[in-house]
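Please keep the sequence and the structure in view while reading.

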Amino acid sequence: MKNFITTLPYPIWKELSIKLDPPEIEGNFKDLASQFEWNMEKILHLQSQKTPTEAVLTSRTITIEELCIKLAVIGRPDAKLLVKEWVK
């Protein structure tokens, strides 16, 4: 089923991590985790992960559309476009 993020190819996951992992940028993995209703304790724990974005994305079943909505909400149209371009 092409509507779940687990169908995204590895290079897309890798690029999402490159875009969202740096904690000093706006619209990072912390903002994404917050959109998925993670509490601060869990968000702080993410910082110790090698790829915190991947930890968020693998924490539950997420549709591509849901991810794109969350990326738009956190102000990351670049990351949303990356995903949408693959879906075409």
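How are α5 and α6 oriented relative to each other, roughly parallel or roughly antiparallel? The model is predicted, and the answer starts from the geometry of the pair.

## The α5–α6 pair

The axes of α5 and α6 lie 8 Å apart, at an angle of about 155 degrees. Angles over 145 degrees count as roughly antiparallel. The two helices, α5 and α6, are therefore roughly antiparallel to each other. Their crossing is left-handed.

On the α5 side, the contact uses I64, E65, L67, C68, L71 and A72. On the α6 side, it uses A79, K80, V83, K84, W86 and V87. By class, this contact of α5 with α6 has nine nonpolar and three charged residues, with no polar ones.

## The α1–α6 pair

Helix α1 spans residues 10–20, and α6 spans residues 77–87. They pack at about 175 degrees, with axes 10 Å apart. That angle is why α1 and α6 are also described as roughly antiparallel to each other.

From α1, the residues in contact are I12, E15, L16 and K19. They meet D78, A79, L82, V83 and W86 of α6. Six residues of this α1–α6 contact are nonpolar and three are charged; none is polar.

## The buried face of α6

Which residues of α6 are buried? They are A79, L82 and V83. Seen down the axis of α6, these buried residues fall within an arc of 90 degrees, so they line one face of the helix. They pack against α1 and α5, the latter covering residues 64–73.

In general, an α-helix has 3.6 residues a turn, so residues three or four places apart point the same way.

## The two sides of α1

In α1, the buried residues are I12, W13, L16, S17, K19 and L20. Their arc around the axis is only 165 degrees, which puts them on the same side of α1. The cover over these buried residues includes α2, α4 (52–57), α5 and α6.

The opposite face of α1, turned away from the buried side, carries exposed Y10, P11 and I18.

## A positive phi in a loop

E37 sits in the loop between α2 (29–35) and α3 (40–46). Its phi is near 65 degrees, a positive value in a residue other than glycine. Most residues other than glycine have a negative phi.

Is E37 buried or exposed? Its relative accessibility is 74%. The cut-off for exposed is over 50%, so E37 counts as exposed.

Methods. Residues are numbered from 1 along each chain as its sequence is written. This is a predicted model: local features need pLDDT of at least 70, side-chain atom pairs count only at pLDDT 80 or more; totals for chains, interfaces and linings use all residues. Side-chain values use heavy atoms; hydrogens and water are left out. Axes are lines fitted to C-alpha atoms, for helices over the stretch in contact, and angles run from 0 to 180 degrees between N-to-C directions. Helices (H or I, at least four residues) and strands (E, at least two) are DSSP runs, numbered from the N terminus. Angles under 35 degrees count as roughly parallel, over 145 as roughly antiparallel, 65 to 115 as roughly perpendicular and the rest as oblique. Contact means heavy atoms within 4.5 Å. Ala, Val, Leu, Ile, Met, Phe, Trp, Tyr, Cys and Pro count as nonpolar, Asp, Glu, Lys and Arg as charged, and the others, Gly among them, as polar. Buried means under 20% relative accessible area, exposed over 50%, partly exposed in between (1.4 Å probe, protein chains only). The arc is that of the directions from the helix axis to the C-beta atoms. A crossing is left-handed if the near helix is turned anticlockwise from the far one by less than a right angle, and right-handed if clockwise.
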